[in-house]
Amino acid sequence: MPSIDLTSLFARQREVASDRGSKSPGFNRLDYTTDSGVSVLIDSFAESTAACVFIRCTSSGSIRLSLEGEYRFARCAAGGWLLKPYRITDDFFWLPAPPMSRSLDHHGHILSHKPALVSGAEVSPEFVSLEFENTDTNVVDIVVWKLPEYLLADLQQLDHMERRPYFLWSSHTAYKIPADVYLHLVNGHVYENHEVWPKYWRVCSELDAYALYVTLSGLLRGTGKKIYELMRRQIVFSVVARQSSDGGWYHGEWTDEMESHYRLHAAGMLLLAAYFEEAQDPVVGEAIKRACAFAAARIDRIDSGVWYLHDSLEETEETLKRYPFRYEISRALGKSRSNLMVLNTHLDTNVAMERCRQVTGSEEFSVLIESARETSVAVCALKPAEWLYRPLFRAVALTLLPPSAGAALPLPLRAIKRITWKYIIPLLPRIKARFPRLVMPGGFIERDLAQHSFSVRYQPVNLMDLVRTRRIFGEVALDPLLEECFAFTQHSGIKERWKELAGKEDDSLGFWAEALYHMCLLEDDRRYRAWLADAVIYLDDARLGLSPSLLGCNAEAVAPKLQTLCPRPSDPRLCVTNLSKSPQLLEYLVINPSHDDIVLEWKLAPVGPVQWHDSGDTRREEKGMVVPARSWVQGVTVSPVEVGR
């Protein structure tokens with residue numbers, strides 16, 4: 001029976017400190033295997049005695065976990081369990097997740113998982129121990145934090161902002177409390193927290209890592225708690241540790257051949273860029289350099305310039321045969337036959353490349369980035385066959401309605417709707433091959449040019465990527481397109497469709513809120529604030545979680561040195577979105593998703609003087625101000641002139 005002594009494992013933390021050398025000045029990971037065959041990772045931090053150990057046992061039968069000293073078990077408000085010492089001078093230990101039995105394949109996909117069976121426990125003045133069984137799976141994973149006493153309050157006293165769910169961009173699940181990080185961070189790698197179609201295994205995802213990083217950054221700014229800094233740093237270096245020697249991240253979402261999905265790769269780049277902008281860590285800087293070189297080589301050249309591919313299966317016609325979707329082969333716009341021209345991945349990758357260029361100062365790929373920018377604008381501006389697409393997409397718009405609205409249509413329109421989804425939409429890939437176009441009349445944006453699929457779920461993702469492209473490149477040519485496409489999404493019935501198809505499509509509202517956040521930073525138009533408030537109310541109703549960027553700490557949108565904390569109302573029913581651009585340009589929406597009017601009082605007030613307006617843009621005095629049920633108020637920076645008055 002393997003016996004794991006936590007006391008001796010954490011004693012090796014001293015080796016981590018001495019082994020730092022030329023590695024990251026703020027983080028190190030010691031990786032070794034014990035004499036009994038147990039795999040151990042120890043994460044440590046330069047400025048803290050805190051450490052986190054990941055333990056993986058591969059032997060079957062009983063496993064014993066022990067800790068020297070006198071401790072008692074207690075539930076932890078942050079999730080999981082605490083081992084609290086009787087002596088206040090001793091460290092305490094946090095088990096954020098139970099020991100988990102997992103089945104893995106040879107690539108590390110998680111095929112199944114469940115809590116390990118606990119078969120015994122012992123508490124004495126000399127030690128505590130747990131015994132559990134590894135039966136029908138091939139590994140048991142354990143994660144334990146050793147934390148100094150002063151960090152206990154970070155885990156035991158959680159504000160309502162820390163208990164609110166936050167929407168994760170890749171798995172579409174929600175982070176709710178600190179322990180939820182370890183639903184994703186498994187043995188030093190960040191996974192999606194759900195089974196992925198079509199293989200229904202759990203894969204690693206840099207996009208969920210990025211969402212966790214943005215969430216933890218917001219919680220760090222809002223609370224000042226050191227634990228969030230340590231956890232987000234752990235996320236960063238877990239992504240670095242999984243980077244391949246060629247600079248890429250590989251996932252194997254669709255096949256057993258570990259294809260790389262370049263949207264996830266771009267998220268890894270954005271995550272590293274955000275951390276590097278703050279920490280200037282040389283290890284992260286080197287990882288960014290390798291990741292950019294990898295992305296720069298995964299391109300196709302079309303008539304208008306560079307186009308980034310969606311995944312590694314698109315690289316050749318032979319590898320594309322393993323694609324899980326049907327597709328149309330064409331040379332439209334001068335593209336290669338295997339390039340399906342997926343819009344959101346192209347836009348996102350170029351945003352990531354430009355972000356990395358900005359934070360590192362490297363101009364190595366500036367020509368490629370500029371070419372991809374020009375291609376983005378050119379492809380989005382395509383308007384061939386208006387005579388065909390305009391009536392066609394009036395009919396397609398009927399299929400985008402929510403089920404209740406579709407059922408209420410007059411009989412002739414219901415007939416057109418049925419003919420459209422059954423016969424016309426399947427022809428779209430062939431039509432687009434003949435008349436290449438992605439942005440359609442009215443404001444609907446197609447996900448790609450050649451795939452035999454049609455999904456309304458990518459509309460907010462495309463909008464999110466377009467508005468990010470507009471901001472980072474200052475591309476004013478996209479302004480008319482953005483206005484039309486945002487208005488279409490708000491008024492066409494797509495949002496109501498997402499809501500009515502709860503559990504199937506309503507996670508699109510998480511990306512809709514994210515797109516609106518970026519649009520609000522770009523435009524002062526109150527329409528977008530009203531639409532954002534409506535999205536937040538639904539997200540709260542459905543417990544899907546707020547978009548992480550709404551905490552105001554997405555470094556891509558607001559530089560770390562300009563970020564401000566998100567204020568917290570006394571009433572936990574109120575949601576605050578932080579639209580501030582700097583300490584001098586504060587803006588908050590206080591949204592009331594409840595069915596009761598609530599007086600606005602602060603647990604943590606805004607960092608500067610703000611002026612308040614209700615949803616109708618009428619000026620309100622803050623003292624005694626009521627946020628009406630299912631409505632919102634806006635607070636904006638008071639200008640020096642107004643203060644003088």
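In which hand does α7 pass α8 in their crossing? This is a predicted model, in which local features need pLDDT of at least 70, side-chain atom pairs count only at pLDDT 80 or more, and totals for chains, interfaces and linings use all residues. Residues are numbered from 1 along each chain as its sequence is written, and side-chain values use heavy atoms, with hydrogens and water left out.

**Stop 1: α7 and α8**

Select residues 226-242 for helix α7 and 262-279 for helix α8. Helices (H or I, at least four residues) and strands (E, at least two) are DSSP runs, numbered from the N terminus. α7 passes α8 in a left-handed crossing, a term for a near helix turned anticlockwise from the far one by less than a right angle. Their axes are 10 Å apart and the packing angle is about 130 degrees. Axes are lines fitted to C-alpha atoms, for helices over the stretch in contact, and angles run from 0 to 180 degrees between N-to-C directions. The pair is therefore oblique; angles under 35 degrees count as roughly parallel, over 145 as roughly antiparallel, 65 to 115 as roughly perpendicular and the rest as oblique.

Now show side chains. On α7, the residues that meet α8 include Arg-232, Ile-235 and Phe-237; on α8, their partners include Gly-268, Leu-271 and Tyr-275. Contact means heavy atoms within 4.5 Å.

**Stop 2: α11 and α17**

Next select 343-360, helix α11, together with α17. The two axes come within 9 Å and cross at roughly 30 degrees. That makes α11 roughly parallel to α17. This crossing is left-handed. Among the α11 residues in the contact are Leu-343, Leu-347 and Arg-355, and α17 contributes residues including Val-461, Asp-465 and Phe-473.

**Stop 3: α18**

Move to residues 479-491, helix α18. Its buried residues (under 20% relative accessible area, 1.4 Å probe, protein chains only) include Leu-482, Cys-485 and Phe-486. The buried residues of α18 pack against α12 (366-380), α17 (459-473), α19 (494-500), α20 (508-522) and α21 (526-542). After α18 comes Gly-493, with a positive phi near 105 degrees.

**Stop 4: Leu-168**

Finally, select Leu-168, in the loop between β14 (166-167) and β15 (174-175). Leu-168 is buried, at 0% relative accessible area. Leaving aside residues up to four places away in sequence, Leu-168 touches Thr-173, Tyr-175, His-184, Asp-208, Ala-211 and Leu-212.

Conventions. The expected span of a helix is 1.5 Å times one less than its number of residues. Buried means under 20% relative accessible area, exposed over 50%, partly exposed in between (1.4 Å probe, protein chains only).
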